[in-house]
Amino acid sequence: MTPQDLVIRMLPPFGGWLALAALALPGGSPLRGAAVAAFLAVGPGAALVGVCGPALRAHRAEGPVGRRDAAFERHSDLLERLLLAVLLSVAAAMLVATVLIAAHALSGDRVLLTLTLLTTLAAFCPRLRASPTPTTAPGAAPRTRKGSTL
């Protein structure tokens, strides 16, 4: 792993710890709200998408037949990862809040601390590898997965 990869991998947890540090600012501070909102919007999801990154990159987007944009695949994949990060962040925040509600321990600080810890844990997880594509001989029937009807 290069130092640049390590820095990129540690950005989401750093944003969470920065948001926790921003809680020391006064309650109505715009900087406090911006730091917390930015982390909650993309932090946990970005760490989870980082874990799944190689597996997601194995299946590139395919552009339309008569496309006008030469970089459609790159833009499409980037947009897919961005939206996935936002939606996973929202899902993680809802899941953590639901668990804390069930435990009768809900507070904003606890939700933020739990999400920061989970984001840090996800940043240290190994990356998922893409599964190899099965190769078949020319003219042979394609292999099917066990239990598959195709």
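Visitor: Which helix gives the most to the lining of the largest pocket?
Guide: That's α2, with 12 residues. Before we go on, this is a predicted model, so local features need pLDDT of at least 70 and side-chain atom pairs count only at pLDDT 80 or more, while totals for chains, interfaces and linings use all residues. Residues are numbered from 1 along each chain as its sequence is written, and side-chain values use heavy atoms, with hydrogens and water left out.

Visitor: What counts as a pocket and its lining here?
Guide: On a 1 Å grid over the protein atoms alone, a pocket is an open set of points where a 1.4 Å probe fits, with protein on both sides within 12 Å along at least five of seven lines; lining residues have an atom within 4 Å of a point.

Visitor: OK, how many residues line the largest pocket, and which lie nearest its centre?
Guide: The lining has 25 residues, and I8, A46, V49, G50 and R127 lie nearest the centre. α1 (3–22), α2 (30–57), α3 (72–102) and α4 each supply at least two lining residues.

Visitor: And how do the lining residues divide by type?
Guide: Into 17 nonpolar, three polar and five charged. Nonpolar is Ala, Val, Leu, Ile, Met, Phe, Trp, Tyr, Cys and Pro, charged is Asp, Glu, Lys and Arg, and the others, Gly among them, are polar.

Visitor: Switching to the fold: how many helices and strands?
Guide: Four helices and zero strands. Helices are DSSP runs of H or I, at least four residues, and strands are runs of E, at least two, numbered from the N terminus.

Visitor: Which residues of α4 are buried?
Guide: V111, L112, L115, T116, T119, T120, A122 and A123. They cover an arc of only 165 degrees around the axis, so they sit on the same side of α4; the arc is that of the directions from the helix axis to the C-beta atoms. The face turned away from the buried side carries the exposed L121 and F124. Buried means under 20% relative accessible area, exposed over 50%, partly exposed in between (1.4 Å probe, protein chains only).

Visitor: What about V42, where is that?
Guide: V42 is in helix α2. Its relative accessibility is 33%, so V42 counts as partly exposed.

Visitor: What is V42 in contact with, beyond its neighbours within four places in sequence?
Guide: V86 and S89, where contact means heavy atoms within 4.5 Å. V42 and A85 are also 5.7 Å apart, C-alpha to C-alpha, though 43 residues apart in sequence.
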